[in-house]
Amino acid sequence: MALHSAIKGKLIAVIGDEDTCVGFLLGGVGEINKNRQANFMVVDKNTAVSEVEETFKRFLRRDDLDIILINQNIADMIRHVIDCHTMPIPAVLEIPSKDHPYDASKDSILRRAKGMFNPEDVH
Amino acid sequence: MASCDNRKMNEIDVELDKRALRALKLMNELIASKLELEKSVKAGSLDLAKARYIMGNRNVSALQLPTPGEGADVTPLVTVHRAQTFQDSNSDTSMEATISLQLERVTISTPSPDDSKQRSSQQQALKKRNPESRESDEQKPLLDAAEDDDDNDAEEKSGSSPPSLQDPIKWFGVLVPQNLRQGQARFKRALELVVHTANIQLELHATVAQFRKLLDTKRSMQSDLIKLADTEQPLVA
């Protein structure tokens, strides 16, 4: 199974607004596998936070994903779940969208890295 | 003994400084890369909006995306491959692996006239083969004939099922505006930036982990030195 996956290559998943999903799927990342599972989720104003959370957790459980792209404003909705994910793979990338510019102070990985320079930890 | 420990402590300090500097550099690179990604996504979204203006509001939306309920599977045209690079983490510890990702695209080959001719000749051959097999089957018992037919069907199915690769732009129609094609190109460029950003993030992750490991080693050495000093002092007194 592992060998098969290595040959096939791993996927990029997308959780984002309509334009982000349409754009990246136009780029060719979209997949619907034999189990009828898609590797993308379009989030609009009617989508419940629990639904986003559930999809994100399902993506984390899948072993054929290496990168999960998520709009930063959607990542803010499920920040506690993203902060709990400390493994390097799948890499969770918080990406900006056309409506919400990138804010480095909210990025989980940067906040974790900033912890290195915490005055209490500095030798 | 103490001088040896001091030398080790100094080495760890130097390694910690290196990791801290590297982390700062990577943080800067990560922010720059994400800002570049933002530009690319914004430009792509603008192209999608222009295409929407030409084609109609509902014709460039999530409605055109494939849904899991539909019959056909969707095969990805872009995947990532893992590669492990080894680097010296510390002078006295073993080599540590850093994962890096590489983008791989599947090229869609459009069928040429020669291919279609070849395919039609193959189909004719299949059509010719069937009557012969049926004639021969008539001589066999009925059960064997049924099995052979099943085998032939299975062979045909397996032969004519290459993974169907389709350019995603075809979800939006055959004659799509140039803006949609431009948008697609911009999002393809954005995907390259995504993989570049993911690689920076993975390296930053590894650097932070190494920094914390070294800091723990240093603290344990410091506590050992303090204990040693406490045990040596009464002996000297």
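Is B:Phe187 buried or exposed? In this predicted model, B:Phe187 has a relative accessibility of 0%. Buried means under 20%, so B:Phe187 counts as buried.

What does B:Phe187 pair with? Its partner is A:Phe24. The structure holds one aromatic pair over all chains. The ring centres of A:Phe24 and B:Phe187 lie 5.3 Å apart, and their planes meet at 70°. Planes over 60 degrees apart count as edge-to-face, so this pair is edge-to-face. The pair also crosses between chains. A:Phe24 belongs to helix α2 of chain A, while B:Phe187 sits in helix α4 of chain B, residues 178-236. A:Phe24 is buried too, with a relative accessible area of 0%.

Now follow helix α2 of chain A. This helix covers residues 18-27. Nine of its 10 residues are buried, so the helix is largely enclosed by the rest of the structure. Among the buried residues are A:Asp19, A:Thr20, A:Cys21 and A:Phe24. Just after the helix comes A:Gly28, with a positive phi of about 110°.

Move on to the loop between α2 and β2 (40-42) of chain A, where A:Arg36 is placed. Most residues other than glycine have a negative phi. The phi of A:Arg36 is positive, near 60°. A:Arg36 counts as partly exposed, at 34% relative accessibility.

Last comes a peptide bond. Most peptide bonds are trans. The bond joining A:Ile89 and A:Pro90 is cis, with omega about 0°. A:Pro90 is found in the loop between α5 (79-84) and β4 (91-95) of chain A.

Note on methods
Residues are numbered from 1 along each chain as its sequence is written. Chains are lettered from A and ligands numbered from 1 in the order in which they are written. This is a predicted model: local features need pLDDT of at least 70, side-chain atom pairs count only at pLDDT 80 or more; totals for chains, interfaces and linings use all residues. Side-chain values use heavy atoms; hydrogens and water are left out. Buried means under 20% relative accessible area, exposed over 50%, partly exposed in between (1.4 Å probe, protein chains only). Helices (H or I, at least four residues) and strands (E, at least two) are DSSP runs, numbered from the N terminus. Rings of Phe, Tyr and Trp (its six-membered ring) pair if their centres lie within 6.5 Å; planes under 30 degrees apart count as stacked, over 60 as edge-to-face and the rest as tilted.
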